[in-house]
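User: I want to go through the terms behind a structure report. Please show the entry.

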Amino acid sequence: MPTCAHLPLLLSAAFALAAWLEPEWKLWSGPRHASANLLTVLMGDSRRLLAAHFFAKADAYFHKGCYPSIFDVNRPTHALHPAAHPEPEGHPHHAHADFLGEPRDWLERFSRNFHPSEHRHLGESHPPASTPGAEPRPASPGLARKGEEREILPWLRVAADLDPEHPETYVVASYWLRSRLNRVDEAEQFLREGLQHNPGNAELLFELGRIQREHRRAPDRARNLWELALQRWRTTEQTKPEPDLLLYAQLLGNLANLEEETAHFALALNYVEELNRISPNKEALQRWADDLARRCARSLPPPP
Amino acid sequence: MSPAPTCLPAVSTLLEIPARLARWRGWGNTQAIGSIVLLEMRRRKDFYVLFILTALITLVLGAMNFFNEARIVRYLKEICLLLIWISSLVIAITTTARQIPAEREQRTVFPLLAKPVTRTELLLGKFWGCWQVAGLTLLTFYGFFALVSGAREHQWPLAAYGQALVLHWAMLGIVIAMTLLGSVVFAAPSSTNTIAFLVSAGILMLGRHLNHVALQLNEPLQTLVYAAYYLLPHLEWFDIRNRVIHDWGLVPWWAWSSALLYAAVYTAVFLVGAAAWFRRKTVL
């Protein structure tokens, strides 16, 4: 009986509390207003940690499960690289490829039969697994497993949902979508989604420009996007103690190429000279600049 | 008179082993007790709930669309296998942990031991029953897993799945024997459950790295941790999920067989320990 007697009282209290809290909640200017995303409200900044975990998961998938744990000493220290920027041989990542090192004892040697312990990438084909300790076998690109890279996409999607303010996620996903999976529309859509969350981000604009140039054959749109990206880079990155020079060089190089192709040699020359200031490859760039200067002089109309 | 060759009795004894096993009353008792555990599994809801949960989560995740790529499958395999591992551990540990305490609580242990069934036979029967339950659970779960992944990627690497299933089952054999030992040593099933879960999860997560951790420690901790690395059963060897998910092919058969032998040895060690403890223990 006491339960029945207390029930109306409890319901009244609940109603009163709801009536008092609802307008307060509407007026609250906390992080809820920053994003209507329920995930953001519920998880706060911890979602960024989870997003980083899923981004690393994508990288682990790219390496077919052979990925260092927190206990491995030779963990790669640079940014994750699901091949957004293809690496030449001898890149630091490959220097860390054998993070497992030599087995320390016979138990460890034996245990390597049960988990992936060779450095491999998605999309590469390999002969059947060898015995541990054998010479690593080269990938055979001729037998590449086409489209296998799609397997990293779910983790990138989840990472982007959890932390939409991390532009690298969009860039990496877009790279795979457009370059290996031939899904240009999806790549562009994902990049635009990234731009909504990171307005004017130079990295995203650059990647969008690549789609316009390489897949849509729209050099004018690509130029506009890259020029905007360059402008954004100068306003955001230049003041940083360690600006993203790779992106800057890529922007200048691509713009120079584009202007050269469209016979705007003077503009191309400007970009190359600017690139020459930050690039270690000064000799080749100087030759390119000289060539552009000659063509620029030839293309100028003769003085009246 | 020359003495009879000494090897003849030995050979005849060896030849008699199968017949002796068949005549061994204990095997009949063990099987009978094991079948009761199986019956119990059919009546309880644990298995059905976990299977439906696993199937539902897998199917809902499988229905998700990522960039219009219909052939993405590895994330689904990973989540499904993770759920299978969690479910199988839950079923194996909880089923095993309650066996002996339940018999004691309901006082059915007295008529059982008066049959006459020896204490060792009772333990072996419980182990055999729980291990069969684990095997049947795994067959159902892996069947579902093979169907889901096969339907999605149009590949049927049944040998790899078979290897994974048998290794998983062998690992559960160790866990069940260890839990049985715990259920004899500890008073309540809840404490056995907790300790068995913690030990199993700890070994699965850290077992592979214990030697690396040991090398970063100072003496005498280093020797202690390294000794633990050698002594603990390496349950993580039996977890070949990453190989299955990322299509690494088959585990070399010699390694696979050696792992099974390793599991058999550890299972036997735990069972002998449990039997020795149970023989000395007062039932009430």
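User: What is the count of salt bridges between chain B and chain A?

Analyst: The count is three salt bridges between chain B and chain A. This is a predicted model: local features need pLDDT of at least 70, side-chain atom pairs count only at pLDDT 80 or more, and totals for chains, interfaces and linings use all residues. Residues are numbered from 1 along each chain as its sequence is written, chains are lettered from A and ligands numbered from 1 in the order in which they are written, and side-chain values use heavy atoms, leaving out hydrogens and water.

User: Why is Glu69(B) with Arg183(A) called a salt bridge?

Analyst: The term needs a side-chain nitrogen of Lys or Arg within 4 Å of a carboxyl oxygen of Asp or Glu. The closest N and O atoms of Glu69(B) and Arg183(A) are 2.9 Å apart, so the pair is a salt bridge.

User: Why is Ser183(B) called buried?

Analyst: Buried means under 20% relative accessible area (exposed is over 50%, partly exposed in between; 1.4 Å probe, protein chains only). Ser183(B) has 0%, so Ser183(B) is buried.

User: Which residues is Ser183(B) in contact with, leaving aside neighbours within four places in sequence?

Analyst: Contact means heavy atoms within 4.5 Å. Ser183(B) is in contact with Thr96(B), Ala97(B), Ile100(B), Pro101(B), Arg104(B) and Thr192(B).

User: How many residues of chain B are in contact with chain A?

Analyst: 38 residues of chain B are in contact with 39 residues of chain A.
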